[in-house]
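Welcome! Take a moment to look over the model, and then let us walk through two parts of it together.

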Amino acid sequence: MSKPLILVTNDDGIVAPGIRALVEVAIQFGEVVVVAPDSPQSGKGHAITIHDPLRLKHVRVFPGVEAWECSGTPVDCVKLAKHVVLKDRKIDLCLSGINHGSNASINIIYSGTLSAAMEASLEGVKSIGLSLLDYSFEADFEPGKPWISRIIRYALNNNFPHGKLLNVNIPKGSVSSIKGIRVCRQANARWVEEFMEGRDPNNQPYYWLTGKFINEDHATDTDVWALENGYISVVPSMHDLTDYAAVESMRDLNQRLT
Ligand code: MN
């Protein structure tokens, strides 16, 4: 059997320490190719670039690994990887991250990290978005690495039954503080947001988004619970946002021209 082909991307940019840590784990499992943004793209969700040209530049950032930096969003990176960089090749696994900061619960909606992984899953590629609950540039990715290896091994050796995407979050802490892995659902939490208003040098107002993460879903089968209790959370996720129960309960709205 030939070595698996693993695409690695992220949203914090190709020079972020988190993607370096992910490449270091991924190269133990196969041929790694990196296509990642040339600038930070956090919070870009599933954005794509349609009115500007996209640039790809071959770079030497990771020893022994082919890498390209891209001027676009995380989803642009995955599209260019599939249609240009790895054209005519089968990608066996896409890894996105490791993000500097949580993508648990509702954060999956806004996350460039998870959208990149979701884009690969839309193309039928098994994919994993990975995040560490530490926003700092100096975040310590080492304690999570052996666990990430286990999850990658699982993904390469098993078929995901429904969707093809895993949302993995890693608690911040030492090697001994991580208790294990929990497969769970996303907690029903939300952001309560505010805009700070300021004045620029021309005395024009500007607004800066701030927010507080509020979780009132304290069930023990959620990602937030797992993370608060020292576990790595694994949420099998899907792009289909249909509310299937509502499709049934709203049948009265069905009409046809008579
Ligand atoms: Mn990010």
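**A pair of helices and a strand residue**

The crossing of α2 and α4 is right-handed, meaning that the near helix is turned clockwise from the far one by less than a right angle. The model you are looking at is predicted: local features need pLDDT of at least 70, side-chain atom pairs count only at pLDDT 80 or more, and totals for chains, interfaces and linings use all residues. Residues are numbered from 1 along each chain as its sequence is written, and side-chain values use heavy atoms, leaving out hydrogens and water.

Helix α2 spans residues 74-85 and helix α4 residues 112-122; their axes lie 8 Å apart at an angle of about 30°. The two helices are therefore roughly parallel to each other, a label for angles under 35 degrees. On the α2 side, Pro 74, Val 75, Val 78 and Lys 79 meet Gly 112, Ser 115, Ala 116, Glu 119 and Ala 120 of α4, where contact means heavy atoms within 4.5 Å.

Which residues of α2 are buried? They are Pro 74, Val 75, Asp 76, Cys 77, Val 78, Leu 80 and Ala 81, with buried meaning under 20% relative accessible area (1.4 Å probe, protein chains only). Their cover includes α4 together with strands β1 (5-9), β2 (31-37), β3 (56-59) and β4 (66-70).

Now let us turn to strand β11 (residues 231-237), where Ser 237 is found. Ser 237 is buried too, with a relative accessible area of 7%. Its side chain reaches the backbone oxygen of Val 235 at 3.0 Å. Leaving aside residues up to four places away in sequence, Ser 237 touches Ile 108, Gly 163, Lys 164, Leu 165 and Asn 167.

Key
Axes fitted to C-alpha atoms, helices over the stretch in contact; angles between N-to-C directions. Helix = DSSP H or I, 4+ residues; strand = E, 2+ residues; numbered from the N terminus. Parallel < 35°, antiparallel > 145°, perpendicular 65-115°, else oblique. Buried < 20%, exposed > 50% of the residue type's maximum accessible area, 1.4 Å probe, protein only. Polar contact = N/O pair within 3.5 Å; in protein donor to acceptor, adjacent residues only side chain to side chain.
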